[in-house]
Amino acid sequence: MAEAKILDGVAMAAEIKAEAANLAAAFAEKTGRAPGLAVVLVGENPASQVYVRSKLKLARELGFHSVEERPAADIDRAGLLALIARLNADPAVDGILVQLPLPSHLDADDAIAAIAPEKDVDGFHVVNAGKLFAGLPGFVPCTPLGCLKLIKSVHPNLAGANAVVVGRSNIVGKPMAHLLLQENCTVTIAHSKTRDLPAVVAGADVLVAAVGRPSMIPGKWIKPGAIAVDVGINRVPALDGKSKLVGDVDFESAKHVAGAITPVPGGVGPMTVAYLMVNTCRAAYLRAGLEWAGV
């Protein structure tokens, strides 16, 4: 069997970023200001610093107004909620992102609930989660949006397809399942307690792996010709004594079975950041009362 089509998230994300830049420029022309993104990074988590830096760099490149808030790691709950309230009230800020994880003494759900739903560009607020569940317009988490874009680049019409999502997080698994339901797929959410997981995965025309376990899903589990989208980002030891990133799907065995597959890195990750920019543009348009015609 021929090797799977590799779904290039870097190239597809570049197209989405270009559209976000055009949307930002059009917004600025109509309103006299740029879309605004505020990122809150509590403490000095090295990985979070890298993620925040890349998000803000891209926002500036696309012509956004960017705000970085860096409270100390020992900020208390009241202080963090007061900071979020100030950003909620700032007319120059359209989108607010609280970088996770937070220090252990702070509750992520508390922080997310404090963000105004119309500025919740991560799509994590319960109001936006409820809208997705009900099929109403709202903000959808960026990673599932990116996954769906990659899937539909292979099959634009997914009606009737069997989709399996491995993972049930509020950030990826659950919203991904609802997006696939909206595309008229028959959806199964699998997880650590699923009986006979190989058999469940084998029935998938569309597989989204978001469980956080390196190379958990081997190629022999995958239905020949299926679309395999790998959300996992796991750091494991490499042969040279350093480390490397791998996904939740064993890429080397799966690429000989799947019809299309995302690599790690270079698949879902770039799409997530690109859709954060799109969500920020959308928030700016909606807050300004402008018609939204973006992706």
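**View 1. D122 is a buried charge without a salt bridge.** Buried here means under 20% relative accessible area (1.4 Å probe, protein chains only), and a salt bridge needs a side-chain nitrogen of Lys or Arg within 4 Å of a carboxyl oxygen of Asp or Glu. For D122, the nearest side chain of opposite charge is K55, 5.8 Å away. You'll find D122 in the loop between α4 (108-114) and α5 (126-134); helices are DSSP runs of H or I, at least four residues, and strands are runs of E, at least two. Its contacts (heavy atoms within 4.5 Å) include L97, V98 and L276.

This is a predicted model, so to speak: local features need pLDDT of at least 70, side-chain atom pairs count only at pLDDT 80 or more, and totals for chains, interfaces and linings use all residues. Residues are numbered from 1 along each chain as its sequence is written, and side-chain values use heavy atoms, leaving out hydrogens and water.

**View 2. Three strands make an open, parallel sheet.** Their order is β3-β2-β4, where a pair takes at least two DSSP bridges. On the edges sit β3 (65-69) and β4 (95-98), each pairing on one side only. Strand β2 (residues 36-40) joins β3 over five bridges, and V39 has E68 as its bridge partner in β3.

**View 3. The largest nonpolar core has 56 residues.** Such a core is a set of buried Ala, Val, Leu, Ile, Met, Phe, Trp, Tyr and Cys residues joined through side-chain atoms within 4.5 Å. I151, M176, L180, V208 and M277 touch the most other members. Helix α10 (residues 268-287) gives the most, eleven residues.

Technical notes:
Buried < 20%, exposed > 50% of the residue type's maximum accessible area, 1.4 Å probe, protein only. Lys, Arg positive; Asp, Glu negative; His and termini not counted. Lists of a residue's contacts leave out its neighbours within four places in sequence.
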